[in-house]
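Here is a short report for someone meeting this structure for the first time. Keep the sequence and the 3D view at hand while reading.

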Amino acid sequence: MNLESSITPACGALLAAALILVFWRFWRGPSDADRVLAIDLAAVVVAAAMLVNMVRSGEAVFLDAILLLGAVLFFSTIAFARALEVRNRHSTQEGRHDTRD
């Protein structure tokens, strides 16, 4: 029994526990920003699980998928943040407009 065969199941269990906690934050998140961060973290946990699977199987095919997931994750986080910013700015301007009338 080598070190990889004993460590990878433990890493998988920890990543599964992390994914459960992330989905709990997504479900219970009081704000939309919490939900966006939960989605972001879920994708990071999935990428880490793919890395663990890559180490376990010894196949480097997962590396391309992990890099692609990282790029998509980066741009989607920027898009979500921008959408939240625009929505918050729009609701703030509507609130100011209502108080002036």
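Arg89 and Glu85 sit four residues apart in helix H3, about one turn of the helix. The model is a predicted one. Their side chains form a salt bridge, with the closest N and O atoms 3.1 Å apart. Salt bridges that share partners tie Arg82, Glu85 and Arg89 into one network.

How exposed are the members of the network? Arg89 has 39% relative accessibility, so it counts as partly exposed. Glu85 is partly exposed as well, because its relative accessible area of 41% lies between the 20% and 50% limits. Arg82, with a relative accessible area of 45%, is also partly exposed.

**Salt bridges**

The count of salt bridges comes to three. The table sets them out.

| Pair | N to O distance |
|---|---|
| Asp32 and Arg87 | 2.1 Å |
| Arg89 and Glu85 | 3.1 Å |

Which parts of the chain does the pair of Asp32 and Arg87 link? Asp32 and Arg87 meet through their side chains, at 2.1 Å from N to O. The pair links distant parts of the chain. Asp32 is in helix H2, which covers residues 32–57. Arg87 is in helix H3.

Asp32 has a relative accessibility of 31% and counts as partly exposed. Arg87 falls in that class at 46%.

**Helix packing**

How do helices H1 and H2 pack? Helix H1 spans residues 3–28. Its axis and that of H2 are 9 Å apart, and the angle between H1 and H2 is about 165°. An angle over 145 degrees counts as roughly antiparallel, and H1 and H2 are therefore roughly antiparallel to each other. Their crossing is left-handed.

**A nonpolar surface patch**

Which residues make the nonpolar surface patch? Phe23, Phe26, Ile39 and Phe80 do, and the patch is about 370 Å². Phe80 comes from helix H3, which covers residues 61–100. With 37% relative accessibility, Phe80 counts as partly exposed. Patch members need over 30% relative accessible area, so the 37% of Phe80 passes that cut-off.

Gly70 is found in helix H3. At 36% relative accessibility, Gly70 counts as partly exposed. Gly70 and Ala47 are 23 residues apart in sequence. In space, their C-alpha atoms are 7.9 Å apart.

Phe74 also lies in helix H3. Phe74 is partly exposed, with 49% relative accessible area. The limit for exposed is over 50%, so Phe74 at 49% stays in the partly exposed class. Along the chain, Phe74 and Glu4 are 70 residues apart. Their C-alpha atoms are separated by 30 Å.

Notes:
Residues are numbered from 1 along each chain as its sequence is written. This is a predicted model: local features need pLDDT of at least 70, side-chain atom pairs count only at pLDDT 80 or more; totals for chains, interfaces and linings use all residues. Side-chain values use heavy atoms; hydrogens and water are left out. Patches are made of residues with over 30% relative accessible area and no salt bridge: like charges are joined within 9 Å, nonpolar side chains (Val, Leu, Ile, Met, Phe, Trp, Tyr) within 5 Å. Accessible areas come from the Shrake-Rupley method with a 1.4 Å probe; for residues, only the protein chains shown count as cover. A salt bridge is a side-chain nitrogen of Lys or Arg within 4 Å of a carboxyl oxygen of Asp or Glu. Helices (H or I, at least four residues) and strands (E, at least two) are DSSP runs, numbered from the N terminus. Buried means under 20% relative accessible area, exposed over 50%, partly exposed in between (1.4 Å probe, protein chains only). Axes are lines fitted to C-alpha atoms, for helices over the stretch in contact, and angles run from 0 to 180 degrees between N-to-C directions. Angles under 35 degrees count as roughly parallel, over 145 as roughly antiparallel, 65 to 115 as roughly perpendicular and the rest as oblique. A crossing is left-handed if the near helix is turned anticlockwise from the far one by less than a right angle, and right-handed if clockwise.
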